[in-house]
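Subject: Structure handover

Hi,

Here is the structure for you to look over. My notes on what was found follow below.

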Amino acid sequence: MVRKKIGNTDMTASSVVLGTWSMGGDEQWGEKSDDAASVEVILKAYDQGINLIDTAPAYGFGHSEEVVGKALKQIPRDQVLIETKHGIWWLDDEGTFMRERDGYRTYFNLSRRCVMREVEESLKRLGTDYIDIYMVHQQARPPFDTPIAETMGALMDLKKQGKIRAIGVCNCNDDQLREYIRCGEVDVLQESFSMLTQQNVKAHLDICKEHGISFEAYASLEKGLLSGNLRMDYVIPDDKNVRNNVPWFAPEKRKKVLAMLDGWKPLCEKYECTQAALSVAWTANYDESIFVLSGGRKWKHMESYIAGGNIRLDPADFRQMSADIDALLAE
Ligand SMILES: NC(=O)c1ccc[n+]([C@@H]2O[C@H](COP(=O)([O-])OP(=O)(O)OC[C@H]3O[C@@H](n4cnc5c(N)ncnc54)[C@H](OP(=O)(O)O)[C@@H]3O)[C@@H](O)[C@H]2O)c1
């Protein structure tokens, strides 16, 4: 697996990053996760050369971090990079209310007090004494609108203390990203990016290149839709399920997406890959600087992310796929 430098640090990471949201097993993900199977997936991914694991306290209210912590006991700590996040708060009611889920009331909160508390909780759950990349998960918003300078000040202090090695930010607009850069050192930007979700990627990549920041793409399969395996007869289990947030699952739209994917069967044959791998490959090939996050808790799903991350699409094939996608997005 190709390894690339993380931002302006001395760390290098695999181009496919192991995402562990669904391993947190909260009610958004339907079927309950099997922790032993999740640990197996993490260890197998490590054996296949994936050396960066992405998690967050919000993934199962600490559970994903605990599962990663279990796997970490079986991996030499200096051979793996851990990326976790802060900013979705549930330990008290300070912050801007986000939602109630799994019996927890969550708040957007990026105050210095919360950053300092959250990092300690994550270190405990992960069973480690440092975090390689510590990320702002969601941006602050009114009425509890912490200035970016305050959050960044806390993060830079954690860096000086050696509790974190690098800082990342997620889900921000250009102005917010530039403000983080002005107030401290940003090495990673993590954003949603797939064939169907391309808003702002060009502008973000430009800023990343200007400042040497790595770009990590999440949701490259739109919660499994772009694998081509969830056909018209697939029913989203309930109204809490995370797939309700993907408008492309609506029947009319889904039909068009599946028709587009089916039209690429010759490409799957050419690259000897699954449709899931081809979709991941489009995201990975969009720009050579992109890291792609996987989102599977089953090994058979992980295999397609790994395969996709390794495919180099011929420029003509990438152009053909992009033209089909543009036509779909224009409808
Ligand atoms: N910073 C942020 O705000 C943010 C937001 C979202 C995600 N992330 C990170 O990015 C990672 C990936 O995001 P995501 O989970 O949204 O990714 P995704 O790739 O769009 O979707 C993952 C879902 O697709 C399913 N899937 C994967 N391969 C499949 C296949 N071949 N056939 C059918 N279904 C398949 C998975 O099922 P199974 O669970 O059954 O394997 C899972 O439910 C997360 O784990 C997390 O680490 C970060």
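For the classes used here, Ala, Val, Leu, Ile, Met, Phe, Trp, Tyr, Cys and Pro count as nonpolar, Asp, Glu, Lys and Arg as charged, and the others, Gly among them, as polar. With that, the shell around the ligand divides into 7 nonpolar, 14 polar and 5 charged residues. Please keep in mind that this is a predicted model.

**Ligand**

The ligand is surrounded by 26 residues. The closest are Gly19, Trp21, Tyr218, Gly224 and Gly295.

**Helix pairs**

Two packed helices are described by the angle between their axes and the distance between the axes.

Start with H9 and H10. H9 covers residues 275-286 and H10 covers residues 299-310. Their axes come within 7 Å and cross at roughly 45 degrees. The two helices are therefore oblique to each other. The crossing of H9 past H10 is right-handed. On the H9 side, the contact is made by Ala276, Ala277, Leu278, Ser279, Val280, Ala281 and Ala284. H10 brings Ser304, Tyr305, Ala307, Gly308 and Gly309. By class, this contact has 8 nonpolar and 4 polar residues, and no charged ones.

Next, H4 and H5. H5 spans residues 174-183. The pair packs at an angle of about 45 degrees, with axes 9 Å apart. That angle makes H4 oblique to H5. Their crossing is right-handed. Ile148, Ala149 and Met152 of H4 make the contact with Gln176, Glu179, Tyr180 and Cys183 of H5. The class count is 5 nonpolar, 1 polar and 1 charged.

Last, H1 (residues 35-47) and H2 (residues 63-72). These pack at about 55 degrees, and their axes are 9 Å apart. H1 is oblique to H2 as a result. H1 passes H2 in a right-handed crossing. From H1, Asp35, Ser38, Val39, Ile42 and Leu43 take part. They meet Val67, Val68, Lys70 and Ala71 in H2. This contact has 6 nonpolar, 1 polar and 2 charged residues.

**Backbone points to check**

Most residues other than glycine have a negative phi, and most peptide bonds are trans.

- The peptide bond from Pro142 to Pro143 is cis, with omega near 5 degrees. Pro143 lies in the loop between strand E9 (131-136) and helix H4 (148-160).
- Lys223 is not a glycine, yet its phi is positive, at about 55 degrees. Lys223 sits in the loop between strand E12 (214-218) and helix H7 (251-262). With 22 other C-beta atoms within 10 Å, Lys223 is buried; the cut-off for that is 20 or more.
- Glu272 also has a positive phi, near 50 degrees, in a residue other than glycine. Its place is the loop between helix H8 (265-271) and H9. Glu272 counts as exposed, with 9 C-beta neighbours inside 10 Å; exposed means 12 or fewer.

**Two single residues**

Is Asp54 buried or exposed? Asp54 is buried, because 28 other C-beta atoms lie within 10 Å. Asp54 belongs to strand E4 (residues 52-54). Thr20 is 34 residues away from Asp54 along the chain, but their C-alpha atoms are separated by 6.2 Å. Leaving out residues up to four places away in sequence, Asp54 touches Val17, Leu18, Gly19, Thr20, Glu83 and Leu293. One of these, Gly19, is also among the closest residues to the ligand.

Ser289 is in the loop between H9 and strand E13 (290-293). Ser289 is partly exposed, with 15 other C-beta atoms within 10 Å. What does Ser289 contact, leaving aside its neighbours within four places in sequence? The contacts are Cys208, Ser214 and Phe215. Ser289 and Ile6 are 283 residues apart along the chain. Their C-alpha atoms are separated by 9.9 Å.

Best wishes

Definitions and conventions: Residues numbered from 1 in each chain as written. Predicted model: local features only at pLDDT ≥ 70, side-chain atom pairs only at ≥ 80, totals over all residues. Axes fitted to C-alpha atoms, helices over the stretch in contact; angles between N-to-C directions. Helix = DSSP H or I, 4+ residues; strand = E, 2+ residues; numbered from the N terminus. Parallel < 35°, antiparallel > 145°, perpendicular 65-115°, else oblique. Left-handed = near helix turned anticlockwise from the far one by under 90°. Contact = placed C-beta atoms within 7 Å. Near = placed C-beta within 6 Å.
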